[in-house]
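Try each task yourself before reading its solution.

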Amino acid sequence: MLALTLSSVKSKKIVTIMMMVFAILAGLSTRLAWSSNGLPRIDSETLAAIAQHHPVVVLYRHAERCDRSDNKCLSDQTGITVNGAHNARERGKMFSTNIADYDLYSSDAVRTIQSATWFSADKKVTVDKNMQKCGHSIYGSIEALQEKSKNKNVVIFTHNHCLSYIAKDKRGVKFEPDYLDALVMHSENGKLILDGELVSR
């Protein structure tokens, strides 16, 4: 009888410890699922899962600006650095491992065009000057590109103030994107939804 009681107590302790471990892991995963700026973190696998249900729109800030860096310019002073070009290429390779089929767009700035070109060497970059206009009208511009792409995934290279505007407008958070940071969106019932921030790590 005593052995049975001790066994029961030991089992309860094990169950309690297991429950605590699961609670801690759940807490950690929840914390890791959100960026410090309050946006959900979307990794490449999650992005691919979203894209299976809805075509996604991924908006990237351009790569490192030449006119704000001491690093060597790729070419034009208003464009990106050599370092920025290589970073854009690496980011494009990572992106394409999960989503290979997408249309590629850029605002009409040299730095965004160069970033998009280096992001994907085998895709045509379509320039759209509306992707520099970063108020409420940006949603109509994004929807126009979605319509043009006919239910394909869309990648857009734009500017930090555009990404900041969308994050603030859609989720009420302050987002200050670094070079090549990105937001993930999709359309549902005719409305653009901000899923979160695309993370490469």
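**Before you start**

This is a predicted model: local features need pLDDT of at least 70, side-chain atom pairs count only at pLDDT 80 or more, and totals for chains, interfaces and linings use all residues. Residues are numbered from 1 along each chain as its sequence is written, and side-chain values use heavy atoms, leaving out hydrogens and water.

**Exercise 1. Describe the chain as a whole.**

Step 1: Start with the elements. Helices (H or I, at least four residues) and strands (E, at least two) are DSSP runs, numbered from the N terminus. The chain has six helices and seven strands, and their order from the N terminus is α-β-α-β-α-β-α-β-α-β-α-β-β.

Step 2: Turn to burial. A residue is buried under 20% relative accessible area, exposed over 50%, and partly exposed in between (1.4 Å probe, protein chains only). Of the 201 residues in the chain, 40% are buried.

Step 3: Look at contacts, meaning heavy atoms within 4.5 Å. Among contacts with a separation of 6 or more, 64% are between residues 24 or more positions apart.

**Exercise 2. Find out how helix α6 is placed.**

Step 1: Check the length. Helix α6 covers residues 160-171, and its twelve residues should span 16 Å at 1.5 Å a residue, which agrees with the 16 Å between its end C-alpha atoms. The expected span is 1.5 Å times one less than the number of residues.

Step 2: List the buried residues of α6: Cys162, Leu163, Ile166 and Ala167. Seen down the axis of α6, they fall within an arc of 130°, so they line one face of the helix. The arc is taken from the directions from the helix axis to the C-beta atoms. An α-helix has 3.6 residues a turn, so residues three or four places apart point the same way.

Step 3: Find the partners. The buried residues of α6 pack against β2 (56-61), α5 (137-149), β5 (153-158), β6 (182-188) and β7 (191-198).

Step 4: Look just past the end. Glycine 172 follows α6 and has a positive phi, near 70°.

**Exercise 3. Which residues of helix α2 are buried, and which are exposed on the other side?**

Step 1: In α2 (residues 44-53), the buried residues are Leu47, Ala48 and Ile50. They fall within an arc of 160° seen down the axis of α2, so they line one face of the helix.

Step 2: On the other side of α2, Glu45, Gln52 and His53 are exposed.

Step 3: The buried residues of α2 pack against β1 (41-42), β2, α3, β6 and β7.

**Exercise 4. Is serine 106 buried or exposed, and which side chain does it join in a polar contact?**

Step 1: Serine 106 sits in strand β3 (residues 102-106). Its relative accessibility is 0%, so serine 106 counts as buried.

Step 2: A polar contact is a pair of N or O atoms within 3.5 Å; within protein, one must be able to donate a hydrogen and the other to accept it, and residues adjacent in sequence count only if both atoms are side-chain atoms. The side chain of serine 106 has such a contact of 3.1 Å with the side chain of threonine 112. The serine 106 side chain also reaches the backbone nitrogen of isoleucine 113 at 3.1 Å.
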